[in-house]
Amino acid sequence: MCSIVSASTAFFLLSNSNYSVEVFLVHVNAERPLGRNDRLDNKIEGMNVMDFKFTEEQELIRKNVREFCEKNVEPIAAEIDENSRHPAELFEKLARGGWMGIPIPQEYGGAGADFLTSIIVVEELSRSCASTGFTISTHAGIVCTMVLLFGTEEQKKIYLTPMAEGKQLGAFALTEPGAGTDVMAVTTAAVLDGNDYVINGIKTFTSNGPTAGTYLVFAWTDKSAGRKGMSTFIVPREAPGLRVGEHFKKMGLRSSQTSEMIFKDCRVPKNNLLGKEGAGLQMAMAGFDGGRIGIAAQCIGILQAALDESIRYSKERVQFGSPIARNQAIAWMIADMATDLSATRFLAYHAAWLKDQKLPFSKEAAMAKLYASEAAMRHTVKAVQIHGGYGYCKGAKVERLMRDAKITEIYEGTSEAQRMVISGAVLR
Amino acid sequence: MRVRQRRSGWSSLVLCSAEHLEYEACLKIFIRKDRKRCKFMPSAIACFKWVVDEAYIRRGPSGDLDFSSVDFKIGEYDRNAIEEAVRLKETLGWKAVTVTAGLPEAAKGVKDALSRGADEAYFIADSSFGNLDSSQTALILAEVIRARIREYDLIICGEGSSDFYAQQVGPRLAVKLGIPCISFIEKFLIENSQLIAERRVEEGVEVITAPLPALVTVLPDINVPRIPGVRDTLMAGKKPTVKISKDELPPIGEPPLRTISFKASKMERSCERFGTDTAEIARFVGSLRKKGVIG
């Protein structure tokens, strides 16, 4: 640690055992983004500190986003779900608060926080509205992050900055009618024609499709090269030959906009190739790894909301002369819910922390997503059970939570696909 | 120097007689003294208290309050005070300064205040500052404002703290600094170096003028405090914070008020029904007497 901070700082840390070491490190290392490596630095004279504490900034950000949600998201969540409406007015407020580009550096219009902070925000947003949490998670956690990681300086200026500032949403277009988990079955192809790539094909289930301004589109540039034949293109919405389909009517996550995208001789400049030609699949997998932690965060939000609602209702609802929370059958459901919520948090935060430390996190992200999504589904069903008939009716938050939870076991890699990733890593 | 302060501006202070006299004395000095002020930028000081977030207080089985898992926050009305200071910064180009005295843990509160737009913070921290009495808080704040901040134009306090709501710190601080104090403010303006404030009273609104520097205690209606964005929170730690320890201050003495215990309030229904005629009202009063609610 002494090599990182000054000698006087080290002395301060050692002589002030009551003072939060972590907080001070944030102060002295103000030049670099918040939180990055702070915990690794947290070693004092050969002593490794196991630290589960958030930084003060992260705690404040959680409080602020919670307050924002209570004032702006919670009041409209049921309505936007009912009407499958994209709340443009809410996203304007989110953009103003800088919530749209949290893990993106400030020079590209983001907030310049670490990934863990962005996870906290997705979690708190999802606690009020899983659709809003997911929209932000896809936009910032996958699309913005991929352009940041693999984009050229010019691409970052033209495409990343407006996205990180919240002026437009980003979407990730990989899935096709015949290619879900089997990514190799993609048929969309791009051919270089002069200074343009010409893209032909159909994408489906594109999250943020109808509302996005920038799309990351995956297409074969050389199918014969197998896994090294797919490339990624940054396609602006106004690109000629791109048609965005209607918003799908879904069971849950209804205000998150999902559509088909049809590319018919869609031309994009050569400069819109993201990364190298043929590196598309690797980039997609890197994007998915971060995205999976985002889904786990979304599940934490759903689970926390289910727990909040279940505790409140079971203490209020009186049957046989006492609140139903006094019944062991109900109390144990709530105990299991709280336990799984904690487990999910540790898995997701750990995966996010690994990502921030630039350590391998692919397996951990898959584990977090798998456990979180299955726990969210399991416990939202229980939350509806605790609410009885009232929970089955529109207007009860738990019925929305249950519908929203189901998709988390399906998108960004089904639970089965996560098990493939995890078993592949542990059986290697 | 002309002072156009109306007596009603400070007649509402809730102070003991000795302090009231002290205030009168200070005011006379203040009126006579020509302020020799040399400064570059007018500044507003917002005072805040880092209080227990009541949402986390649990009630124990025997009626006691459980503070074991509480979180803290900037007092609700103090947020309005900070917001108002930041608005002066945004509209008139003033400097917004925040001051707080509390436990070392309140460092998080200092960051919170800075993330709300303040330019700098003064933080008086000590592990013995957990249960400061309002007279002690006022003494500490006055000392820091007088000796360390020195130049200021307006001090803004919340009408009362979120925890005790004693409404004491603001007026006491004004007394100690010898500046005019206007309480219950729901709107104010700065015009020609003087403060024009709208003060909500039972019968309506009083419009009061006071010279600067002055102190106002604000009501929550004055504004809607902003919610800091991510970037605001991240930048807060980079803003200047002056830390002051207890040793740098004169002794604050023993608190005149002692807290013996906290108990949760209990609401029980006695399920008695009363009518509105004379006999029923008499029965109602009798019932309250019997329970010892009234003497």
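**Exercise 1.** What percentage of the 295 residues in chain B do buried residues make up?

*Solution.* Start with the ground rules: this is a predicted model, where local features need pLDDT of at least 70, side-chain atom pairs count only at pLDDT 80 or more, and totals for chains, interfaces and linings use all residues. Residues are numbered from 1 along each chain as its sequence is written, while chains are lettered from A and ligands numbered from 1 in the order in which they are written.

Next, the term: a residue is buried if 20 or more other C-beta atoms lie within 10 Å of its own, exposed if 12 or fewer, and partly exposed in between, with C-beta atoms placed from the backbone. Apply that to chain B and you get 41% of its 295 residues. For chain A, buried residues make up 52% of 428.

**Exercise 2.** Which residues touch the most other members of the largest nonpolar core?

*Solution.* A nonpolar core is a set of buried Ala, Val, Leu, Ile, Met, Phe, Trp, Tyr and Cys residues joined through C-beta atoms within 7 Å. The largest one here holds 182 residues, and A:Phe233, A:Ala348 and B:Ala46 touch the most other members. Helix α8 of chain A (residues 280–316) gives the largest share of this core, 15 residues.

Now zoom in on A:Ala348. Two residues are in contact if their C-beta atoms, placed from the backbone, lie within 7 Å. Leaving out residues up to four places away in sequence, A:Ala348 touches several residues, among them A:Ile119, A:Ile293 and A:Ala372.

**Exercise 3.** How do helices α4 and α5 of chain B pack?

*Solution.* First, get the geometry: α4(B) (residues 134–149) and α5(B) (residues 169–177) pack at about 45 degrees, with axes 8 Å apart. Axes are lines fitted to C-alpha atoms, for helices over the stretch in contact, and angles run from 0 to 180 degrees between N-to-C directions.

Second, name the arrangement. Under 35 degrees is roughly parallel, over 145 roughly antiparallel, 65 to 115 roughly perpendicular, and the rest oblique. So α4(B) and α5(B) are oblique to each other.

Third, look at who makes the contact: α4(B) brings residues including B:Leu141 and B:Ile145, and α5(B) brings residues including B:Leu173 and B:Leu177.

Methods. Helix = DSSP H or I, 4+ residues; strand = E, 2+ residues; numbered from the N terminus.
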